[in-house]
Amino acid sequence: MTGDCLVGLRVLVVEDEMLVSMLVEDMLADFGCSVVGPAPDFDAAMALATSAEIDAALLDVNVAGRPVFPVADALKARGVPFAFASGYGAAGVEGDHRGAPVLQKPFRQIDLERALTGLMTG
Amino acid sequence: MRSCSRVRGSRVSSLADTIETEAGATARERALVAALADETRRSEVLIRIGEAIGAGGDIDTIVQTVVDGGVELTRAEFGAFFYNVVDAEGERRQLCALSGAPRSAFERFPMPRNTAVFDPTFAGEAVVRSDDILADPRYGQGPPFNGMPDGQLPVRSYLSAPVVSRSGEVLGGLFFGHTEPGRFSTADERVVAGVAGLGAAAVEAMHRRNETLAASEAQRSVEARLAERLSFALDAGRMGSWALDVDSRDYEASDLCKANYGRHPDESFGFADLVASIHEADRARMTRAMETAIRDGSDYDIEYRVIWPDGQVRWVHARGRADSIVPGGSAKRMAGISLDITDRRRAEERQRLMLNELNHRVKNTLATVQSIAFQTLRTARTPAEFREAFEARLLALSETHNLLTRENWEGAALRAIIDSELEALGGVGRTVVVPGAEVHLTPKAAVAIGMGIHELATNAMKYGALSVARGLVTVHWQVRDGMLELDWTESDGPRVETPQRRGFGSRLLEKGLAAELGGSVELMYREQGLTCAMRLPMAALEGKELA
């Protein structure tokens with residue numbers, strides 16, 4: 001059921017904490033996904049979100065001190081599904097993006113898998 | 001005077017005689033006219049006294065009217081009205097109104113209280129009448145009358161009556177005198193008793209008036225003190241006060257209340273101004289709260305934002321209550337206070353942000369620990385190896401946090417981060433640190449570099465230069481063109497071979513650290529020793545890109 005639909009998925013990771021982004025990379029690698037990024041700051045994230053070949057994205061709500069929402073807007077405009085990861089939980093998500101899935105840090109590998117599966121099938 | 005007084009008593013019999021005999025008609029008519037005139041005069045005097053009391057004029061005028069009336073009615077040569085008063089300070093004093101004699105005639109008159117003959121009067125016992133007080137055995141020959149100096153009221157006929165209130169309190173005494181003996185009659189006794197009654201009414205009325213005045217004066221001063229204290233408390237608490245007339249919407253605001261809305265004391269500030277000054281987003285809530293309080297007579301208690309005329313947004317806390325409740329239950333008047341709570345609201349906001357930030361950091365740190373565990377597990381061959389490596393990495397992270405906590409999480413010096421990681425691993429004595437310019441790292445950069453140094457030092461201790469006694473590590477850095485150039489150089493250690501697979505440490509350094517700080521990190525496995533060359537932009541290390 002799970003897992004297979006994620007194989008080969010190109011996932012943009014926006015995360016400024018190196019250890020966390022390494023963890024997410026490992027988790028995604030286990031699903032057979034290829035990681036785009038990880039983008040450690042807003043500008044890198046925006047550049048990848050607007051131009052890179054991506055199927056889905058996992059966005060840290062606060063990337064190096066800046067809210068990530070404009071990046072989410074850009075992805076939405078391109079029709080790329082995304083989920084948020086945040087230490088603030090769902091409360092940290094603002095405006096139009098309140099309906100997007102939110103992974104509260106720390107999260108389990110299976111939480112990430114479910115979120116991504118939801119994005120690709122929902 | 002005795003004959004006059006008797007007219008009243010003999011009048012009825014004189015009239016009876018008149019019916020019997022025609023002969024004495026003229027004499028009877030004359031007696032009748034005289035009696036009538038006498039009665040008229042008496043009535044007039046009593047009416048005059050009554051009117052003076054009723055008019056409620058000042059007490060001096062009233063007692064003067066009483067004593068003058070007494071003199072007139074008894075045909076005395078002089079009269080005196082001694083009466084007690086209680087002044088505003090609560091002191092009892094005896095005052096005196098005189099009639100028929102100049103005040104100087106009484107100058108050496110002894111105080112009535114000290115004189116035996118006055119005792120029954122001031123004791124409120126009875127009317128005293130003496131045809132000749134000098135010869136009267138009842139009062140002895142004692143002073144003052146015997147010892148009275150020449151020319152000082154040589155009283156012979158004496159008549160006095162106590163002035164007693166309805167409740168029995170002695171208010172004073174009325175005294176009448178004449179230089180000739182035998183001038184007062186028993187009828188005069190009744191007259192002075194009546195006049196004394198009027199005098200009592202006058203003094204009592206005055207006492208009541210004074211008491212009412214004193215009470216209202218006391219009330220006024222209590223109210224004034226309360227108002228003063230309230231005003232002081234309001235000022236000290238920076239509280240404004242306000243009142244609203246519910247029907248007319250008349251709104252009164254104190255100076256401080258106006259100040260809470262950014263208005264000067266001399267600016268007008270009505271209810272419409274108040275409502276208009278409230279932030280649009282809070283206005284409907286405010287008017288609803290006000291209406292509810294008015295309708296139910298409930299407390300009005302609300303915090304809202306106000307826009308000052310200069311555009312500032314401030315927070316105001318307003319509280320109030322219905323001043324008076326009509327039977328239907330709705331308020332006629334609301335009154336209350338207002339307080340600028342901008343500082344408090346800002347502090348609360350800061351606290352909320354700090355708690356959020358703390359939560360964010362804790363969650364991120366937990367995710368970091370999760371990552372360390374996850375990756376340590378992947379490379380560890382045995383549980384014991386996992387535990388050793390995991391604990392060491394956890395402690396390295398903890399060391400960096402300790403440093404940051406000492407600096408209020410404002411960052412840490414690069415030198416301090418390097419020293420603390422080397423010290424934790426016991427590598428201080430065999431590491432030469434050649435510091436360059438002082439570099440102040442952001443908390444995030446400090447954690448990243450701390451972890452990186454930890455991985456380098458651990459590797460050196462286990463496999464590199466620090467694993468043998470003669471080995472040495474040199475850490476050298478400099479800042480050039482906005483880049484930190486940090487070189488970790490190992491020498492005199494075991495021969496180095498390029499590892500078959502990359503572990504956590506090399507991945508963290510070459511991928512993680514380089515990516516997070518936007519620079520490059522290169523590991524070189526040279527035969528004579530490992531080197532690590534970090535090239536990191538200062539902007540990312542010192543957080544300047546956020547400014």
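**Sheets, helices and the interface of chains A and B**

Five of the five residues of strand 6 of chain A are buried, so this strand is largely enclosed by the rest of the structure. A residue is termed buried if 20 or more other C-beta atoms lie within 10 Å of its own, exposed if 12 or fewer do, and partly exposed in between, with C-beta atoms placed from the backbone. Helices (H or I, at least four residues) and strands (E, at least two) are DSSP runs numbered from the N terminus. The model is predicted: local features need pLDDT of at least 70 and side-chain atom pairs count only at pLDDT 80 or more, while totals for chains, interfaces and linings use all residues. Residues are numbered from 1 along each chain as its sequence is written, and chains are lettered from A and ligands numbered from 1 in the order in which they are written.

Strand 6 of chain A is covered on both faces, with A:Phe82, A:Phe84 and A:Ser86 buried on one side and A:Ala83 and A:Ala85 buried on the other. Strand 6 runs parallel to strand 3 of chain A, to which it is joined by four bridges, and A:Leu59 stands opposite A:Phe84. Strand 6 also runs parallel to strand 7 (residues 102-104) of chain A, through three bridges. In that pairing, A:Ala85 stands opposite A:Leu103, and the bridge partner of A:Phe84 in strand 7 is A:Val102. Two strands are taken to pair if DSSP finds at least two bridges between them.

These strands belong to an open sheet of five strands in chain A, with the order 2-1-3-6-7 and parallel pairing. Strand 2 (34-39) and strand 7 of chain A are at the edges with a single partner strand each, so one side of each has no neighbour in the sheet. From one strand to the next, the twist averages 20 degrees. Helix 2 of chain A packs on the sheet and touches strand 1, strand 2 and strand 3 of chain A; the direction of helix 2 makes about 145 degrees with that of strand 2. Angles run from 0 to 180 degrees between N-to-C directions, and axes are lines fitted to C-alpha atoms, for helices over the stretch in contact. Contact between two residues requires their C-beta atoms, placed from the backbone, to lie within 7 Å.

Helix 2 (residues 42-51) and helix 3 (residues 69-78) of chain A pack at an angle of about 5 degrees, with their axes 9 Å apart. The two helices of chain A are therefore roughly parallel to each other (angles under 35 degrees count as roughly parallel, over 145 as roughly antiparallel, 65 to 115 as roughly perpendicular and the rest as oblique). A:Ala45, A:Met46, A:Ala49 and A:Thr50 in helix 2 meet A:Pro70, A:Val71, A:Ala74 and A:Leu75 in helix 3. This contact has seven nonpolar residues, one polar residue and no charged residues. Ala, Val, Leu, Ile, Met, Phe, Trp, Tyr, Cys and Pro count as nonpolar, Asp, Glu, Lys and Arg as charged, and the others, Gly among them, as polar.

Within helix 3 of chain A, A:Val71, A:Ala72 and A:Leu75 are buried. Seen down the helix axis, the buried residues of helix 3 of chain A fall within an arc of 100 degrees, so they line one face of the helix; the arc is that of the directions from the helix axis to the C-beta atoms. Their cover includes strand 1 (10-14), helix 2, strand 3 (56-60) and strand 6 (82-86) of chain A. A:Gly79, with a positive phi near 75 degrees, follows helix 3 of chain A.

Chain B has 14 helices and 17 strands, and buried residues make up 31% of its 547 residues. An open sheet of five strands in chain B has the order 12-14-15-17-16, with mixed pairing. Its edge strands are strand 12 (431-434) and strand 16 (520-526) of chain B, each of which pairs on one side only. Strand 15 (residues 483-491) and strand 17 (residues 529-537) of chain B run antiparallel and are joined by seven bridges; the bridge partner of B:Glu485 in strand 17 is B:Arg535.

Between the chains, 17 residues of chain A are in contact with 22 residues of chain B. Helix 1 (residues 18-31) of chain A gives the most to the side of chain A that touches chain B, with six residues. By class, that side of chain A has nine nonpolar, three polar and five charged residues.
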